[in-house]
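Me: Hey, could you walk me through a few spots in this model? I've got some quick questions.

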Amino acid sequence: MNADQLTVGTAATSPKADAAPALRIRALMLGDRINAAGLEIGTLVSSTPVAFRVHAGLAVIFRYGVVVLIGLLPSEEKVLIDTLKPRVIGEFSPYEEETAQAQLCNDENAEVIQPGGPIFLSKFSEDRLLLIADALAKSTALARDERRVAAVFDVIEPFARELAQHGRTPRRRKGILQLIGNALLVQQRVAGRVAVAEKPDVLWEKPGLDRLYSRLEDEYELKERLDTLERKLKAISETANALTDIIDTQRSLRLEVAVVVLIVIEVVIGCIQIFAGTH
């Protein structure tokens, strides 16, 4: 076996006799974070991201909570996931999951990605598989964030509709602040932890693979989904801020009215006392 090439054996999907060898790739988002410090589950092949040779396959662990399993049997995947569980912070239930398949082709120039189909590679080298793992992990993380943002939109839409139809704002300022908090959490994940716009470190050492990664970005629409997500986050933040400003203004107005009423009552009481004192 070449030092940089993954073994294609029983861990791969079972091809037909005349079919090219293929690898099953599965990305699982286990939680908010995975602490991979000091982890030893096989032969270390990469430190950023942390990747190990496990049995006949590869396990790639991303700190933002995603593990990508390449060429492993289902039983091997289960054992590895159980091993990682104690290191997961903020575990999800159920896990976010995406799958792909890598298939060998005869020519490096023929490395293509069919829409919804297999990813054709000239060889199952570690650097190529790390690129696929990076793109698939980012896609998996984006899928969860997209659902979270969609859920926030579902909550904030009735607020905006009530304001448009009846000119009334919701009185639950706490709920609106929670919406802002959820939007900020997603924004922090996308910009800080996941860093969807950043290219993987392997491209610094193997710039010749930039074309393959560009194809992966196009296949999973990483840039387009990131732009859409950021626009939605901005819309949520602006809408929530506008609602809280309106609620705060209404509260200030009610407070001012209350102060004026108290002053009027005080003046009336004073006048009554003065009038009573003169008789």
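What follows is a short chat about some strands, helices and a surface patch in this predicted model.

Me: Let's start with β4. Is that strand buried or exposed?

Reply: Buried. Strand β4 covers residues 57–62, and six of the six are buried, so the rest of the structure largely encloses it.

Me: Which residues point which way from β4?

Reply: G57, A59 and I61 go one way, while L58, V60 and F62 go the other, and all are buried. As background, side chains in a regular strand alternate between the two faces of the sheet.

Me: Nice. How many bridges join β3 to β4?

Reply: Five, and the two strands run antiparallel; β3 is residues 50–54. One of the partner pairs is V54 with G57 in β4. The two strands form a hairpin with two residues between them, and H55 in that turn has a positive phi of about 55°.

Me: And what about β4 with β5, how do they pair?

Reply: Also in the antiparallel sense, over five bridges, with β5 being residues 66–70. A59 stands opposite L69 in β5. This is a hairpin too, with three residues between the strands, and the turn residue G65 has a positive phi of about 100°.

Me: Switching to helices. Which residues of α1 are buried?

Reply: In α1, residues 74–84, the buried ones are E76, E77, L80, I81 and L84. They sit on the same side of α1, because they cover an arc of only 135° around the axis. K78 and V79, on the other side, are exposed.

Me: What covers the buried residues of α1?

Reply: The cover includes β3, β4 and β5, along with β1 (22–34) and β6 (88–104). That brings us back to β4, whose own residues are buried.

Me: Okay, α5 next. Which residues are buried there?

Reply: L212, Y213, L216, E217 and Y220, in a helix that spans residues 210–220. Looking down the axis of α5, these fall within an arc of 145°, so they line one face of the helix.

Me: What follows α5?

Reply: E221 does, and its phi is positive, near 50°.

Me: Last one: which residues make the nonpolar surface patch?

Reply: V257, V261, L262, I265 and I269 make it, and the patch is about 420 Å². V261 lies in helix α6, residues 222–277.

Me: How exposed is V261?

Reply: V261 is partly exposed, at a relative accessible area of 41%. Exposed would take over 50%, and buried would be under 20%, so V261 falls in between.

Note on methods
Residues are numbered from 1 along each chain as its sequence is written. This is a predicted model: local features need pLDDT of at least 70, side-chain atom pairs count only at pLDDT 80 or more; totals for chains, interfaces and linings use all residues. Side-chain values use heavy atoms; hydrogens and water are left out. Patches are made of residues with over 30% relative accessible area and no salt bridge: like charges are joined within 9 Å, nonpolar side chains (Val, Leu, Ile, Met, Phe, Trp, Tyr) within 5 Å. Accessible areas come from the Shrake-Rupley method with a 1.4 Å probe; for residues, only the protein chains shown count as cover. A salt bridge is a side-chain nitrogen of Lys or Arg within 4 Å of a carboxyl oxygen of Asp or Glu. Helices (H or I, at least four residues) and strands (E, at least two) are DSSP runs, numbered from the N terminus. Buried means under 20% relative accessible area, exposed over 50%, partly exposed in between (1.4 Å probe, protein chains only). Two strands pair if DSSP finds at least two bridges between them. The arc is that of the directions from the helix axis to the C-beta atoms. Contact means heavy atoms within 4.5 Å.
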